[in-house]
Amino acid sequence: MECRDSSDQQNPPEKSSLSSEADNNVPDKRKRESEPDSEHQNLWWKTTLCSYFRRFDGSCSHGESCRYAHGEAELRPRPDNSWDPTSERAKKIARTETNGGEKEGEAGNVMMTEALEVEGEENSLGLSKCLVNLPMKWTTDDLKNFLSEEGILFNSVKKKKGMYVGFVTFESMEHAIIAVKALDGKSIRNNRTLKVSDVVPRSFEKMSKVATPSKTTQEVESPSQAVDGSNMIATAIDDDDNDDGSSIPNGLVLKGRSVRDVVTPLAHLTYSNQIETKKNSLMQNLRKLTNNVRKACPNGVSLPEWILKSKEIGRLPCELMGVIDSPLINGYRNKCEFSVGYSLQGKPTVGFLLGNFREGVTAVEEPVGCPNVSRISGKYAAIFQDFLQHSPLPLWNRLNNSGFWRQLTVREGRKPCKSSEADNFENFIQEVLLIVQVCTLGFDDGHVKVEVEKLAQAFSVGSSTESPSLPLTAFVIQMTDDIVEPRIHDHINDLRFSISPTAFFQVNTLAAEKLYALAGDWAGLGPDTLLFDICCGTGTIGLTLAHRVGMVVGIEMNASAISDAQRNAEINGIKNCNFVCGKAEDVIASLMKDYLASAKKLDDISDASENNEETINANKEKMTDADHVLGPEDSSSIDHENVSSGSKCSRDENELQKKCTLKSSDPLQQFKNVVAIVDPPRAGLHPTVIKVLRTQSRLKRLVYISCNPESLVANAIELCTPSGDKTEKGNNQNNWQWRHMSAAGLARHRSKSMPYSEPFKPIKAMGVDLFPHTPHCELVMLLER
């Protein structure tokens with residue numbers, strides 16, 4: 001029996017390579033090794049509580065030789081001066097920090113440039129308060145009930161679900177003062193400490209307002225009229241005006257965040273230091289895979305060899321071969337989504353939010369100084385911002401879900417360019433698509449048409465007057481929930497890709513070329529390879545690798561992306577790719593069954609053909625549509641376009657009757673090598689997809705591309721954990737604890753119900769920097785079995 005470290009839901013921090021061997025206590029069959037005398041490893045001696053000691057009433061078979069602390073008295077601080085997070089000391093420190101507001105959204109950091117509309121609020125300036133650190137699940141009714149229980153008298157209350165902040169207006173200053181004394185610093189649910197902030201009107205709100213008659217549906221408000229006293233800044237500091245006459249408190253300005261720091265927090269580092277920072281972060285995440293698979297390994301089952309060898313490489317599951325640099329470091333984004341809102345000074349602004357909306361931040365600042373934004377995108381944002389200064393249509397209010405102007409998206413397309421030409425990258429941009437998102441609800445069509453025409457003219461004039469002039473291919477207005485059709489084109493590895501406005505396409509084109517080349521090299525492709533491109537988007541991975549395989553099967557749930565993928569295959573004359581529209585979890589099982597069963601049946605037929613040609617004909621006649629051989633030319637027997645969520649591949653009976661009978665002249669496509677490349681969104685793969693990949697025995701190699709290493713680790717836990725003799729049923733109906741588990745904890749839990757199958761093992765990993773100046777980094781891992 002092994003003496004495990006801490007609990008399943010808490011992992012010891014991985015701050016230093018010095019802790020690598022000391023924390024690794026997982027030899028074969030869970031048999032414990034003697035504690036080395038290395039001074040380096042002793043740094044972590046007795047810094048983690050022994051969970052075995054706690055579970056079994058203070059008994060541990062290792063006695064005093066156990067490297068883990070038997071109780072709080074033995075516990076020592078870790079090398080970074082932190083404590084085991086499961087210990088009482090750590091919990092006490094966490095409570096202290098929470099009460100001090102260090103771990104929560106501080107009221108001084110709430111940058112609210114808009115508030116929920118309250119009837120008569122224009123007369124309540126000074127009587128409005130912003131409550132910070134409220135439970136996100138609370139609604140207006142929940143906040144009202146809470147205030148009533150506390151005996152607080154109020155006039156009106158607004159709280160939007162999903163945010164930490166709410167707004168309260170009082171009848172009188174006396175009521176407001178009483179409420180502040182009663183609520184400020186009060187502990188509420190989950191040890192949250194309530195903060196009460198003043199709601200300070202912006203400078204233009206202090207101007208005397210001109211009374212306006214009630215508007216008809218055809219009348220359009222000016223920006224200041226549309227705000228009507230509802231767009232405000234919340235701050236915990238006294239609302240004295242600054243010396244310059246601005247209504248923004250000095251304290252708030254000093255605590256305000258720079259948009260450069262928010263959008264590109266690593267921009268202050270040299271690029272080499274950025275790469276080193278990302279490499280260390282990836283190593284930290286990868287160690288969690290080793291630790292969690294060790295924990296999830298069923299009792300009585302030997303630990304995988306790769307876990308035993310992980311001790312030699314710093315507890316990594318496999319070698320991390322480094323991080324590939326981005327060929328283009330500045331201005332690399334080919335797609336920028338700019339928010340529309342008010343700055344801290346109350347100016348209509350096109351740029352980026354200064355923080356999370358749910359934390360009460362709605363302030364928008366210009367993208368000046370953001371090194372990841374291209375010059376062209378920044379110029380179009382400035383043109384749009386200048387236009388908004390005089391537009392009579394209101395900006396979007398995120399709290400009320402009202403307004404007209406919402407967002408500007410700039411997508412850039414380039415002609416073929418090599419990495420060596422990155423210094424002159426802007427010269428290769430030849431197409432630009434501008435998408436302005438609006439909400440026309442409640443606005444007169446005539447006024448909307450006039451404003452849109454004015455904006456189109458502003459973009460046209462602005463692009464032509466720049467030196468050099470800015471490319472402009474199309475400008476579209478996107479109504480809420482509407483789909484827009486114009487496209488632009490980009491190039492990867494000399495292939496031309498058509499991109500619809502909403503389809504996913506890697507934002508760093510030159511770095512994406514390196515990413516796809518790496519995935520193809522690791523996949524071990526060949527003419528006899530059947531490649532499943534899961535979460536294929538516009539088909540970039542499958543199409544760039546199509547010339548190296550027998551067939552590509554792409555799966556994607558976004559219909560417009562699938563349309564782009566099919567169009568891109570036609571544009572580039574690629575005929576060995578099939579793209580299926582549907583959720584991967586709904587269609588992958590039937591697709592693998594069809595393609596792989598067909599290939600297996602074909603192998604049997606080919607073997608028999610050497611002895612008896614008549615056997616071949618007999619087998620061909622017996623083949624059902626599910627066993628039909630799917631070669632590049634006749635694979636349309638699966639009606640890919642009609643695959644929908646929750647259903648198997650639908651087929652047209654008449655077409656099947658024509659296509660499901662093989663002619664002797666049809667090529668016999670054999671797939672001896674089955675490979676999958678997955679590139680899921682940040683949440684990772686659906687559990688159903690993981691189960692299909694794990695249990696499909698013919699799938700021997702899997703290349704996982706992830707923009708979120710934590711999701712990759714969670715999915716890899718299920719893919720790599722050995723199966724036990726007995727499979728547990730994953731019944732969570734009466735288990736509320738799973739809601740509080742980490743992604744890794746849930747993966748360990750699900751691995752218990754994984755059908756008996758051969759696990760994958762991590763072979764190697766590599767980072768690819770697609771996002772310079774930010775903490776994000778793509779991680780590629782090769783898994784084999």
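The following dialogue examines how terms are applied to this predicted model.

Mentor: Residues are numbered from 1 along each chain as its sequence is written, and side-chain values use heavy atoms, with hydrogens and water left out. As this is a predicted model, local features need pLDDT of at least 70 and side-chain atom pairs count only at pLDDT 80 or more, while totals for chains, interfaces and linings use all residues.

Trainee: What is the average pLDDT of the chain?

Mentor: The chain averages 76, and 70% of the residues score at least 70; pLDDT is the predictor's confidence in each residue, from 0 to 100. Over residues 202-255 the value is below 50, and this stretch has 116 contacts in the model beyond near neighbours in sequence. Contact means heavy atoms within 4.5 Å. Residues 608-668 also stay under 50, with 88 contacts beyond four places in sequence.

Trainee: Why is the pair Asp490 and Arg414 called a salt bridge?

Mentor: The term requires a side-chain nitrogen of Lys or Arg within 4 Å of a carboxyl oxygen of Asp or Glu. The closest N and O atoms of Asp490 and Arg414 are 3.5 Å apart, so the pair meets the definition. Side chains of opposite charge can pair when their charged atoms come close.

Trainee: Which parts of the chain does this pair tie together?

Mentor: Asp490 lies in strand β15 (residues 488-492) and Arg414 in strand β12 (residues 405-414), so the bridge links parts that are 76 residues apart in sequence. Helices (H or I, at least four residues) and strands (E, at least two) are DSSP runs, numbered from the N terminus.

Trainee: How do you know whether Asp490 and Arg414 are buried or exposed?

Mentor: Buried means under 20% relative accessible area, exposed over 50%, and partly exposed in between (1.4 Å probe, protein chains only). Asp490 is at 2% and Arg414 at 1%; both values are under 20%, and therefore both residues are buried. Strand β12 is mostly covered, as eight of its ten residues are buried.

Trainee: Why is the set containing Phe459 called a nonpolar core?

Mentor: The term denotes buried Ala, Val, Leu, Ile, Met, Phe, Trp, Tyr and Cys residues joined through side-chain atoms within 4.5 Å. The largest such core has 90 residues, and Phe459 is one of those touching the most other members, as are Tyr380, Phe384 and Val436. Its largest share, nine residues, comes from helix α14 (residues 509-523). Leaving aside neighbours within four places in sequence, Phe459 is in contact with residues including Tyr380, Phe384, Leu434 and Phe475.
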